[in-house]
Amino acid sequence: MNWQKILLVCFIAYVGILGVFTVNEVFHLDLFEAEAFTPELHTWVYSLLHFLEKDPSDPALLKTDADVDRALRDLHRLLARTRYARVAAPGSLEEEIGKFLDPSALPESAETRKSRAQDFLRRGRDAARARLLEIGDWVTIPILIRKLDHDDPRMRSEVFDLLKAAAEEFCSEP
């Protein structure tokens, strides 16, 4: 009977350890390198980086009015979801996008809508960069380091610039 209890305890320990390693890998928590942070913060970082992968000047991004609405709704949702504790209230960009997407707003020509959408997306990129640096060094920096080997050279440059800004901010604090 004793060997069965020992075997059961070993099996439970094995399943527990396997579960911890799986959760660590799935959510990129880096449990064994630094503090554990919520998966939500990691999701925010990946969402913001995914947004930065899109080029606002790409004509394929805003072909139709539906594309414009979808891109701006996605940006609006992203900014609303990634509002960190230090950014409690919606910013002016979020409010402007909300007004722009309001169905009761005055209709604009397709070219004007695309032009304004590109401006919102450019400003959204700046907001995404700022949010990435606000989330926290121990969450953002390891993910940014992983993204340095991204396929797109423009994205590698973007990540490098973010890392540089994070390092400058980190070094400037007492």
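Is Phe120 buried or exposed, judged by its relative accessibility? In this predicted model, Phe120 has a relative accessibility of 1%, so this residue counts as buried.

A pair of aromatic rings is described by the distance of the centres and the angle of the planes. The structure holds 1 aromatic pair, formed by Phe100 and Phe120. Phe100 belongs to helix 4 (residues 92–101) and Phe120 to helix 5 (residues 110–135), so the pair ties together parts that are 20 residues apart in sequence.

We can now turn to the nonpolar core. The largest one has 33 residues, and Leu49 and Leu72 are those with the most contacts inside it. At least two residues of this core come from each of helix 2 (39–53), helix 3 (65–81), helix 4, helix 5, helix 6 (137–146) and helix 7 (153–172). Residues up to four places away in sequence aside, Leu49 touches Leu132, Ile143, Leu144, Lys147, Met155, Val159 and Leu162.

Helix 2 has 15 residues. From its first C-alpha to its last, helix 2 reaches 21 Å, close to the 21 Å expected at 1.5 Å a residue. The buried residues of helix 2 include Leu49 itself, along with Leu41, His42, Trp44, Val45, Leu48, Phe51 and Leu52.

The side chain of Glu158 makes a polar contact with the side chain of Arg125, at 3.1 Å. With neighbours within four places in sequence left aside, Glu158 is in contact with Arg125, Arg129 and Leu52. Glu111, by comparison, lies in helix 5. Its relative accessibility is 58%, and Glu111 therefore counts as exposed. The C-alpha atom of Glu111 is 9.6 Å from that of Asp65, although 46 residues along the chain lie between their positions in numbering.

Definitions and conventions. Residues are numbered from 1 along each chain as its sequence is written. This is a predicted model: local features need pLDDT of at least 70, side-chain atom pairs count only at pLDDT 80 or more; totals for chains, interfaces and linings use all residues. Side-chain values use heavy atoms; hydrogens and water are left out. Rings of Phe, Tyr and Trp (its six-membered ring) pair if their centres lie within 6.5 Å; planes under 30 degrees apart count as stacked, over 60 as edge-to-face and the rest as tilted. Helices (H or I, at least four residues) and strands (E, at least two) are DSSP runs, numbered from the N terminus. Buried means under 20% relative accessible area, exposed over 50%, partly exposed in between (1.4 Å probe, protein chains only). A nonpolar core is a set of buried Ala, Val, Leu, Ile, Met, Phe, Trp, Tyr and Cys residues joined through side-chain atoms within 4.5 Å. Contact means heavy atoms within 4.5 Å. The expected span of a helix is 1.5 Å times one less than its number of residues. A polar contact is a pair of N or O atoms within 3.5 Å; within protein, one must be able to donate a hydrogen and the other to accept it, and residues adjacent in sequence count only if both atoms are side-chain atoms.
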